[in-house]
Amino acid sequence: MTTFLTYTILGLVLGSVYSIAASGLVLTYNTSGIFNFAHGAQAMFGTFLYWHFTERWGWPVWLALIIVIGLVGPAMGAALHAAIMKGLRGTADVTKIIVTVAVLLGTVYLAQWIWNPDEAHTVDMFFGAGAKITVAGVVVRYHEIVCLVAAVAIAVGLRVLFTRSRIGVVMRGSVDDPDLLRLNGHDPERAAMLSWALGSTLAVLAGVLIVPISGGGLDANMLTLLVIDAFAAAMFGRLRSIPRTFAGAMVLGLAANYVLAYLPSAGTFTGNLRVSLPMILLFVVLVVLPQDRLRGAAIRTRERYRVPTVRGAAVWGLVLVAVVYLYSLLLSDGAITTFSLGMTFAIIALSLTVLTGYAGELNLAPLAFGAVATVVAFHAGVVGTGLDARMNVQGVVLGVAVAALVGGLVALPALRLRGLYLALATMAFGEFLSNMVLRDTTQHELFGVTFTLFPDGSLVVPPLKVGPLDLRDGTTSLMTATVLFALIAVGLAALRNSGYGRRLAAMKDSPAASAMLGQNLVRLKLSVFMISAAIAGLGGVLMSAATGTVAQENFTFIGSLALLMLVVVAGIGYLSGALAGGLMAGVGAAVLVSTFSDLALGNEGMATIYNALGHLVLVGTALVGMGVGRNPSGFVHDLIEGYRAIRSAKPVLYGAAALGAVLYVLALTGVIGTWTFALIALCAVMLLPVFGRMYLDEGRRDRPTPLELIGVDEPYTDDLRARLDRELGLPAVLEKGGSRATA
């Protein structure tokens, strides 16, 4: 009985912290319509500040709490809304999600920059671990009592705020109908800013409370994910009901502790299940709870994408293969391996293009399907041992097929979900897979066969060999990944231009209209999920083979979010956006960070500056993601439109091609370095539309103004009036002295 009471109280304490965190999510979503994926990161950053004030600067606990919870928390939320969130009206769900994901990543990177993750950071309980009382033989610490009281008080306070106060009604109206709210004399942006300030305050409070009861150790990634567990409680209340959110948080906390108390402690199953339980409950809640009805109107957003033709995609695919081959001649073996890894990420990114860019469905865990295919291919397709080990094509095909099947199984119960709910369901699957499957080092027996999913916590994945094609050679691996990317991209272009692709686009614009016209939305969603999962699985196997040894860290939820963010920044509706986003995820940031790290090791006097530049690269990447709300179509869209505008500027285009050829020859002969060539070529590609427009503008000045633009683009002059008279056949009228007079 004592054991039951002990774990019950611990469960209620954990549930109370989940309730506080989830209440902040409900508050911000109800008043802005944005689900804040950065909620856990805000909690983490505030907790690190609390540790810094109390441990490093020696402030009293009460003063640190006032500053962190009373000032930093509200300021952080208000600043986020003013600088970023209020600009997200009229954007698609994926854009809103990606902006908050960028805030999450940027906050984590910033915290790791300020506070060295290799150093230990611990937070003590309020009043100390020795301050406690005994209730029915169970020891209850004062810190735990504070958690319980705070959770109840916040739940009651928010319930009263939303249902009994005028400001609560104004807050809810700021997302329901902001224009009507303005007509009644209220400012919806001010109400939304207030809610973000309160939500951020609750996040910081939850972070400060949960760290001591979860062990006291501070880690940026772990604390962020720990608070994300509260998503399940928020969804239990469907992001609307504070009482149901409170009840869901208590169920979540009790279940986690009962699992720890009563399931067998041998092996890794119980520990993994406890970590995965919030995501399991999140998926169950999303599937079981009733969903909103289909909307009758089309969804009007600011995203605009051009659909490529199959012929155009094929031509550009050939150009890509040629360019990659020519560039590979300039690279070292290590650089070729890194480039090959980037191309495998680009293949995974194509799974997001077809699913989100074409069909409007969301998947926050693309790397999870890559992990599924990798595990299957490793166990079913590796032949030989040691240096002679190879992956056969049968294993790759089986891994891709299983990834597609798992994609269908995950999508099947979630098919009636849309938008945010579907995104959270895929996130729950990714976290479950990461915590339950990829951490499984226990030996299993199935049909008389003994196996371990992840022996020693990692998999050594050998390269693929198909007849004479051996991907152990770096250039062969790179060119194979590039050709596969080009072939899949051409296939997706053909799919998008087919009747099936048009049905996907119609479902994206208006699911209700598609259903009314007889489209089977269940079949469409299921098929596109399976196609997307198969592409991600193929990319995952190639990525694992290019890496060599993979572990749970290679398929994390944070990694999937970073890939999705970069693809959206580039342009998730474009095949070239998948290429750019995948290369940035697999090559860009990693190469720059490693380069600055090597420079820091080789130059001790400049080590601080180089390390700061490495951290700045990561934070800057997240800052780019935060700005996607201003350009939701991605920078590839702007680049394409820029080149379309200068198609007639032939001298500029020919000159750029000649310059590129000269630079390539100089790089090939060693006159200039590979980095120099790459940087100049990249700058030329980005700036060429600017020079093209300058050339065209200069040419227009030398040409006479078209008649229909006279008086529009430039003011009337005597010469322009005379020209109009001549064109219209009117007689000229002379003033005294011979000057032209108006007719």
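Trainee: Is Arg56 buried, exposed or partly exposed?
Mentor: In this predicted model, Arg56 counts as partly exposed, because its relative accessibility is 43%, and buried would need under 20%.

Trainee: Ok, and which side chain does Arg56 meet in a salt bridge?
Mentor: That of Glu119, at 3.8 Å from N to O. The pair links distant parts of the chain: Arg56 sits in helix H2 and Glu119 in the loop between H4 and strand E1, 63 residues apart. Glu119 is partly exposed too, with a relative accessible area of 42%.

Trainee: How many salt bridges does the count come to?
Mentor: Three. One of them joins Asp470 and Arg390 at 3.1 Å, N to O. Here Asp470 is in strand E9 and Arg390 in strand E4, 80 residues apart.

Trainee: Are Asp470 and Arg390 buried or exposed?
Mentor: Both are buried.

Trainee: Back to H2. How do the axes of H2 and H9 cross?
Mentor: They come within 7 Å and cross at roughly 130°. H2 and H9 are therefore oblique to each other, and H2 passes H9 in a right-handed crossing.

Trainee: New topic: which residues make the nonpolar surface patch?
Mentor: Leu110, Trp113, Ile114, Met606, Ile609, Leu613 and Leu616, giving about 560 Å². Helices H4 and H24 each supply at least two of the patch residues.

Trainee: And where is Ile114 found?
Mentor: In helix H4. Ile114 is partly exposed, at 43% relative accessible area.

Trainee: Last one: what follows H28?
Mentor: Gly729, with a positive phi near 75°. Within H28 itself, Leu720, Ala722, Arg723 and Asp725 are buried.

How values were computed. Residues are numbered from 1 along each chain as its sequence is written. This is a predicted model: local features need pLDDT of at least 70, side-chain atom pairs count only at pLDDT 80 or more; totals for chains, interfaces and linings use all residues. Side-chain values use heavy atoms; hydrogens and water are left out. Patches are made of residues with over 30% relative accessible area and no salt bridge: like charges are joined within 9 Å, nonpolar side chains (Val, Leu, Ile, Met, Phe, Trp, Tyr) within 5 Å. Accessible areas come from the Shrake-Rupley method with a 1.4 Å probe; for residues, only the protein chains shown count as cover. A salt bridge is a side-chain nitrogen of Lys or Arg within 4 Å of a carboxyl oxygen of Asp or Glu. Helices (H or I, at least four residues) and strands (E, at least two) are DSSP runs, numbered from the N terminus. Buried means under 20% relative accessible area, exposed over 50%, partly exposed in between (1.4 Å probe, protein chains only). Axes are lines fitted to C-alpha atoms, for helices over the stretch in contact, and angles run from 0 to 180 degrees between N-to-C directions. Angles under 35 degrees count as roughly parallel, over 145 as roughly antiparallel, 65 to 115 as roughly perpendicular and the rest as oblique. A crossing is left-handed if the near helix is turned anticlockwise from the far one by less than a right angle, and right-handed if clockwise.
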